[in-house]
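Please keep the sequence and the model in view while reading.

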2 protein chains.
Amino acid sequence: MHGGDHGPRVTLAACRQFLEHHPDAHLLLVGLPDSLREWSHERTTVVAASEVVAMDDSVEVALRKKKDSSMRVAIQQVKSGAASAAVSAGNTGALMAIARYLLKTLDGIDRPAIATQMPNAQGGATTVLDLGANVDCSAEHLLQFAVMGSALVSVLQEGSPASVGLLNIGEEVIKGNEVIKKAGELLRSAANSGDLNFYGNVEGNDIFKGAVDIVVCDGFVGNVALKASEGVASMVVGGLKQEFKRNIFTKLAAIIAYPVLSALMKRMDYRRYNGAALLGLRGLVFKSHGSADALAFEQALNRAYDAARNNLLDRVRSRIAHAAPLLMPADAQPAPDAAAPIH
Amino acid sequence: MHGGDHGPRVTLAACRQFLEHHPDAHLLLVGLPDSLREWSHERTTVVAASEVVAMDDSVEVALRKKKDSSMRVAIQQVKSGAASAAVSAGNTGALMAIARYLLKTLDGIDRPAIATQMPNAQGGATTVLDLGANVDCSAEHLLQFAVMGSALVSVLQEGSPASVGLLNIGEEVIKGNEVIKKAGELLRSAANSGDLNFYGNVEGNDIFKGAVDIVVCDGFVGNVALKASEGVASMVVGGLKQEFKRNIFTKLAAIIAYPVLSALMKRMDYRRYNGAALLGLRGLVFKSHGSADALAFEQALNRAYDAARNNLLDRVRSRIAHAAPLLMPADAQPAPDAAAPIH
């Protein structure tokens, strides 16, 4: 309840909305008792924590010094079975490290991954993983991401099996470095054995074309692609505002064009897709963007709720088990501080 | 003259404009005699080639089978000293491979890199390299890119020494994989010895904020970032068009907002920044976007002209020599087919 740039004011407002929209849902609110004192709702339980992980705390501090942080207590609720899923808008690196430490990874998963959705030109969203949990990935890790991503999309969207693209620098099979080429082979094998709907290589622009449902990449590349795309979007929006403010005529034009521009903004609104999944853990954990407003944070709650209701964990587990023959043990666990913030 | 999606029609129109704007310039036009038959201009020399590298030719075919291609003959003009620089809108992988084979790399450079400019929110452009020539880079390669990029920016823009950012997944020094951390150390050393103006780590969005003049990354990451940003830009432009076409009112709004939108488009027009530099070779080679129109192709010619006039090659050479103590021999040359198209 304390994470993110806006703190409980925003997250509590989102919780109230969420409870109104989901009459069957029950929320555990974990946080400093002071900030939850005025909260009251029959379908909530307040769970006290004595401290808070700061946005700039190192993973080390979050993991080893703050043993009663709201983040840790929240994930503990998932571990104990008191909660079906945890949602946080806090420090991504700390969240991943604590989740991993407390919940452990699923059998067959070397490394958890962070999966998020990005709006695409089809009016839908493309799920991209990893977004920064793993800065160096083997081909086997990329296959694990593909399998987990397919399970995630299967609980979030109905319909035909989600298609998976491998992020590369060209569509041809011979493109990319050795890891990518080998990952391509593994993904083709997985497609042949019915574990995946593999589309082939995709390029950076295909994320936004909506050519595939899922784009798989290592966390370094995914993080750069996500932030670069946010950067372009901000530049365009900032440029529009500047141009429309230029003089009295452009201001008039702005008033007339406003409904059109706001329809566009709505369609491309990243807030609609807020709520990244930490996949590969023995429990459901979702990460909201740090700058989320109440609408965006509610989306993250919705995502966690859908994942829990639709047994995302079992789906990931069974898909990973099915693909197990392809998933040779890849390597040791990376250091927990390898995680990168995605906000 | 044959490369790109539009062929000689566009490139020849651009050449005519370029010659008008630069009364001192002389052009060598390399191509199939048939397509250059109707051309005439006193400050040009037509050089015949008997074949053309196709956009989908493999590097192998371009390099080994088409020994009299217009691309190869053009680069041969640079090697022989007949031309100061070559410009092509053709197949990027082939261009890099042929340029590298004929011209060789400069002393102290393991791998050439492709540098391009992307528009930023400051109204200027950020130079990014590498864009796809190298899919796996060592820390030393990244330092070489930084030094070469600084030389390039010094010939294209006046003023204070260009600042260099290292593309990473967070601003903190501890972020990133081992290669990136080591590259950060090398870049800091280079800054201390006066070889570079190193800003520190930057993230994907900083390319478009214009936080630094130059962003350094490996070719895989750079290629994905470039294409992802092009994807977002296309999605936004496509979305705007759709929204404005929705009904009679939005069409009216479009007419009124048109001057504002076109001012924005002009500011963010990628064409203004067309002309990627192939850096690190013993000769100047520039790559135009394959889909370039005449305006964009003329920009690529301008860039090559500025680079030649301002002795880019000598600047790169002397900067690399100065930074030599930091540039340990890194590794063997990569296979020529590691190059990726950037269009």
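In which loop of chain B is B:N177 found? In this predicted model, B:N177 sits in the loop that joins β6 (163-167) to α7 (178-192) of chain B.

- B:N177 has a relative accessible area of 12%, and because the limit for a buried residue is under 20%, B:N177 counts as buried.
- A polar atom of the B:N177 side chain lies 3.0 Å from the backbone nitrogen of B:I180.
- When neighbours within four places in sequence are left aside, the residues in contact with B:N177 are A:V135, A:D136 and A:F220 of chain A.

**The interface of chain A and chain B**

- The two chains bring together 51 residues of chain A and 52 residues of chain B that are in contact, and the area buried between them is about 4,500 Å², with carbon and sulfur atoms giving 76% of that area.
- Of the area that chain A buries against chain B, A:I169, A:F220 and A:M235 supply 16%, which is more than any other three residues; A:F220 is also one of the residues in contact with B:N177.
- Two salt bridges are found across the interface, and A:E203 forms a salt bridge with B:K227 in which the closest N and O atoms are 2.1 Å apart.
- Six residue pairs, both members at pLDDT 80 or more, are in polar contact across the interface of chain A and chain B.
- On the side of chain A that touches chain B, α7 (178-192), α9 (219-244) and α10 each supply at least two residues, and α9(A) gives the most, with 19 residues.

**Enclosed parts of the chains**

- Helix α4 (residues 70-80) of chain A has eight buried residues among its 11, and therefore the helix is largely enclosed by the rest of the structure.
- The buried residues of α4(A) are A:S70, A:M71, A:R72, A:V73, A:A74, A:I75, A:Q77 and A:V78.
- These buried residues pack against the strands β1 (27-31), β2 (44-48), β3 (85-88) and β10 (284-287), and also against the helices α3 (59-65) and α5 (92-103), of chain A.
- After α4(A) comes A:G81, a residue whose phi is positive, near 90°.
- In chain B, B:Q144 lies in helix α6 (residues 139-156) and is buried, with a relative accessible area of 1%.
- Apart from neighbours within four places in sequence, B:Q144 is in contact with B:G108, B:I109, B:D110 and B:R111, and also with B:I320 and B:L327.

**Salt bridges**

- Over all chains, the count comes to 20 salt bridges.
- Side chains of opposite charge can pair when their charged atoms come close.
- A:R37 and A:D34 are joined by a salt bridge between their side chains, at 2.6 Å from N to O, and both residues are exposed.
- A:E60 and A:R64 meet through their side chains in a salt bridge at 2.9 Å, N to O; because the two are four residues apart in helix α3 of chain A, about one helical turn separates them.
- An α-helix has 3.6 residues a turn, so residues three or four places apart point the same way.
- A:E60 is partly exposed, with a relative accessible area of 46%, while A:R64 is exposed, with a relative accessible area of 51%.
- The salt bridge between the side chains of A:E243 and A:R246, at 3.0 Å from N to O, joins a residue that counts as buried, A:E243 at 4% relative accessibility, to one that counts as exposed, A:R246 at 53%.

Notes: Residues numbered from 1 in each chain as written. Chains lettered and ligands numbered in written order. Predicted model: local features only at pLDDT ≥ 70, side-chain atom pairs only at ≥ 80, totals over all residues. Heavy atoms only, no water. Buried < 20%, exposed > 50% of the residue type's maximum accessible area, 1.4 Å probe, protein only. Contact = heavy atoms within 4.5 Å. Buried area = accessible area lost by both parts, 1.4 Å probe. Polar contact = N/O pair within 3.5 Å; in protein donor to acceptor, adjacent residues only side chain to side chain.
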